[in-house]
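Subject: Structure handover and what was found in it

Dear colleague,

I am handing over the structure below, and the notes that follow set out what was found in it. Please read them with the model open beside you.

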Amino acid sequence: MPSARSAEKHRDVARIFRDIDTFDPDAFVAHLTEDVVFRFANSPELVGRQEVRQGVAAFFATIAGLSHRLLHTWDMGDTVIVQTEVTYTRTDGKQVTVPNADILTFRGDKARDWRIYIDLAPVYAD
């Protein structure tokens, strides 16, 4: 049975999320395989590192910043589930924190499939 662990003690997922928080799409996609399949919230799947980079850059353009607080990871071989809280800084300066779960499937040290389950409605609500 998988066990919950502190994110800092697990694989490189803490580093991956630190790189996401730099707000640099290139740092983000450096952790992905060339043929990655990526799904963020209710957006369509993106396939390939370049398509993901473009999608992430477009999303970053709608917010002023973000930071992840890693709560737990569950390791199941090639697949890692990560529970986080994400704080988004909106373009009006307000901050909104929402719960999040990511499922990453790795090939070696790079994610080949990444699913992000999050409700972004509070980020864009008035």
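What volume does the largest pocket have? The largest pocket comes to about 330 Å³, where a pocket is an open set of points on a 1 Å grid over the protein atoms alone, at which a 1.4 Å probe fits, with protein on both sides within 12 Å along at least five of seven lines. The volume is the space filled by probe spheres set on the points, and grid points are joined across faces, edges and corners.

Before going further, please note that this is a predicted model, in which local features need pLDDT of at least 70 and side-chain atom pairs count only at pLDDT 80 or more, while totals for chains, interfaces and linings use all residues. Residues are numbered from 1 along each chain as its sequence is written, and side-chain values use heavy atoms, with hydrogens and water left out. The mean pLDDT (the predictor's confidence in each residue, from 0 to 100) is 92 for the protein, and 91% of its residues reach 70 or more. Residues 1–10 stay under 50, and for them the model has 22 contacts (heavy atoms within 4.5 Å) beyond four places in sequence.

To return to the largest pocket, its lining (residues with an atom within 4 Å of a point) is made of 25 residues, of which F38, F40, V56, F59 and I116 lie nearest the centre. By class the lining divides into 18 nonpolar, five polar and two charged residues, with Ala, Val, Leu, Ile, Met, Phe, Trp, Tyr, Cys and Pro counted as nonpolar, Asp, Glu, Lys and Arg as charged, and the others, Gly among them, as polar. Helices (H or I, at least four residues) and strands (E, at least two) are DSSP runs numbered from the N terminus; α3 gives the most to this lining, with four residues, and α1 (13–20) and β2 (32–40) are among the elements that each supply at least two.

Helix α1 deserves a separate look. Six of its eight residues are buried (under 20% relative accessible area, with exposed over 50% and partly exposed in between, for a 1.4 Å probe and protein chains only), so α1 is largely enclosed by the rest of the structure. The buried residues of α1 are V13, A14, I16, F17, D19 and I20, and they pack against α2, α3, β4, β5, β6 and β7.

The structure also holds seven salt bridges (a side-chain nitrogen of Lys or Arg within 4 Å of a carboxyl oxygen of Asp or Glu). One of them joins D26 and R53 at 2.7 Å, N to O; because D26 lies in helix α2 (residues 25–29) and R53 in helix α3, this pair ties together parts that are 27 residues apart in sequence. Another joins R49 and E34 at 2.9 Å, N to O, linking helix α3 to strand β2 across 15 residues; R49 is partly exposed at 22% relative accessibility, whereas E34 is exposed at 56%. R115 and D113 also meet at 2.9 Å, N to O, and together with E45 they are linked in a network of salt bridges; D113 is buried, at 16% relative accessibility.

Finally, two backbone angles may be worth checking. F23, in the loop between α1 and α2, has a positive phi of about 70° although it is not a glycine, and A41, in the loop between β2 and β3 (46–47), has a positive phi near 55°. Most residues other than glycine have a negative phi.

With best regards
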